[in-house]
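Welcome! Take a moment to look over the sequence and the 3D view before reading on.

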There are 2 protein chains.
Amino acid sequence: MPDAKNHAVAGPVSAERGQDPAVVSSSSEPKAGSLHRSADEQVSVAAEVADGPAMKPAKSGRNASSWSQDPDGVRRNILDVARAEFVENGLSGARVDEIAAKTKTSKRMIYYYFTDKEGLYRAVLEEAYSQIRELERTLDLGTLSPPDALAALAGFTFDYHADHADFVRLVMIENIHHARHLKMSGTIGALNSSAIDMIREIYERGVAGGAFRAGIDPMNIHLTISALSFYNVSNRASIAQVFAHDMGAAPARADRRASVIDTVIRSVRA
Amino acid sequence: MPDAKNHAVAGPVSAERGQDPAVVSSSSEPKAGSLHRSADEQVSVAAEVADGPAMKPAKSGRNASSWSQDPDGVRRNILDVARAEFVENGLSGARVDEIAAKTKTSKRMIYYYFTDKEGLYRAVLEEAYSQIRELERTLDLGTLSPPDALAALAGFTFDYHADHADFVRLVMIENIHHARHLKMSGTIGALNSSAIDMIREIYERGVAGGAFRAGIDPMNIHLTISALSFYNVSNRASIAQVFAHDMGAAPARADRRASVIDTVIRSVRA
DNA sequence: GTCAAAATGTACAATGTGGTTCATTTGGTC
DNA sequence: GACCAAATGAACCACATTGTACATTTTGAC
């Protein structure tokens, strides 16, 4: 267990029990509604906005004691909110207080479960990477002809990026920080080559069958597919501004998708 | 003059005279050494680090009065330091105090010349964009055959990005912020289509001559070139981490360059 | 039921950070 | 050489932001 983190965390803080896996139980549903603020309270908050300091008798928030514990739900909730905030504002731009406020729990819990702002960020990042790996694994391109398989892979990659701007932005943010947190992670980097292996398999099959020309490094193919899938999403805002061209719009996206697949195929075929 | 900025800057601050052009005089050399802290003082600072509180007799820093004014030099110096800091830490991550510290002047001057942290960032961003535009303009591809011209353009774009990670990172940062500052700028977006026009010219020439296939949107070609040039640099850190592949290394870069050019050409030829 | 560990709430402390105030010096102009 | 605007210095302020201390409640084991 390469656990180089958790350095200097002295003090009587009881947090950081063995329970380190940030992957959390994606199986056990968060048991919606089991968290602290009851639906009533949520309403009361809304009412407060509408009524102003009207229903003051409701004391200082929470009705006198009674809340159920739900560690997984709380973690899940924090992670979801944090992800949205980090994605929107970056690591330095995101505010712990803001994250806490949008959570069903409190700031205290963030530090309880994630130690740090960075710890929280790392958990978000790791989950994002693990999710795309998960999906990648479900791909079965072995039955398709090499060109079809490569086209399918390119199409999948393009779609994944286009549909998960969250992920793309997290990767951008992480790159701004020189991938410092990826380095710490350990979780990531293990199942790295899987994507490359998939491409290599398809490519070698294609070369053997004469459909693809020889001498290309699979890494090169991967870079081309990734670049062409990533850029439209990562640079959507600046492209829109500088060229008045909205890559997010359906027609532009569809056109681009076809073009990307075409470009990838042309780049390898004999 | 579409000057929608400079809103609410009330107060007796005398700053913001007509002198708005952030492009500054890149012609008038900063007259090195004409700034405030003399070489002697710089040394004394270093000595202080080495000697500790030894040479206290040197009073509180600056020797009694005497400094020469150099507005352009100061601006230039601030911009340079700020660029480095923003590039390294992002807009939210960069600290005005830190920028000021690394400057030959003081924080006061930053606000005097740039009003805001955002104003400073905007100036940095605008300059970065104006620089690449400048270079682009020097390109003369009219004499080359369409395929050669396109290859040259792709090569130039690839090299520019690889050689100016600063620029790439600024664009990334700006995209994280949804290009909000590009929108404000006004300076940018004007000479936008120049790149597209260049490509269109080459492409149409190529189609007419039979070298390129018809029916491609020049924007598409531009996106392909940009994506393939940008990604290696923008995602260098995460690629290195996840795939243990350093895009910055000379051989990898050269290989990739050739591959990118090849891919671009293949994507358009008949 | 008792008890301890886990989970959570509330308030606060300590420092970081953007921005400003006030005073002073230069440099050109007449 | 007087004068005024531009340019600069140094300290300072108000508030934002991360992180913590302390108290309290649940929950499961025995």
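## Where the chains meet

Two residues are in contact here if their C-beta atoms, placed from the backbone, lie within 7 Å. This is a predicted model, and in it the contact between the chains takes 42 residues from chain A and 42 residues from chain B. On the side of chain B that touches chain A, helices α2 (71-93), α7 (165-176), α8 (180-185), α10, α11 and α12 (250-268) of chain B each supply at least two residues. The most comes from α10(B), which gives 11 residues to that side. Sorted by class, the side of chain B that touches chain A has 19 polar, 18 nonpolar and five charged residues.

## A closer look at helix α11 of chain B

Is this helix mostly covered or mostly open? Helix α11 of chain B spans residues 236-243 and is mostly covered, with six of its eight residues buried. The buried residues are Arg236(B), Ala237(B), Ser238(B), Ile239(B), Gln241(B) and Val242(B).

What do these buried residues pack against? Their partners are α7 (165-176) and α8 (180-185) of chain A, together with α10 (218-234) of chain B. Just after α11(B), Ala244(B) takes a positive phi of about 50°.

## The nonpolar core

In soluble globular proteins, nonpolar side chains tend to be buried together. Here the largest nonpolar core has 100 residues, and Phe86(A) and Phe86(B) are those with the most contacts inside it.

Leaving aside residues up to four places away in sequence, Phe86(B) touches Leu91(B), Ala94(B), Tyr121(B), Val124(B), Leu170(B) and Ile173(B).

Definitions and conventions:
Residues are numbered from 1 along each chain as its sequence is written. Chains are lettered from A and ligands numbered from 1 in the order in which they are written. This is a predicted model: local features need pLDDT of at least 70, side-chain atom pairs count only at pLDDT 80 or more; totals for chains, interfaces and linings use all residues. A residue is buried if 20 or more other C-beta atoms lie within 10 Å of its own, exposed if 12 or fewer, and partly exposed in between; C-beta atoms are placed from the backbone. Helices (H or I, at least four residues) and strands (E, at least two) are DSSP runs, numbered from the N terminus. Ala, Val, Leu, Ile, Met, Phe, Trp, Tyr, Cys and Pro count as nonpolar, Asp, Glu, Lys and Arg as charged, and the others, Gly among them, as polar. A nonpolar core is a set of buried Ala, Val, Leu, Ile, Met, Phe, Trp, Tyr and Cys residues joined through C-beta atoms within 7 Å.
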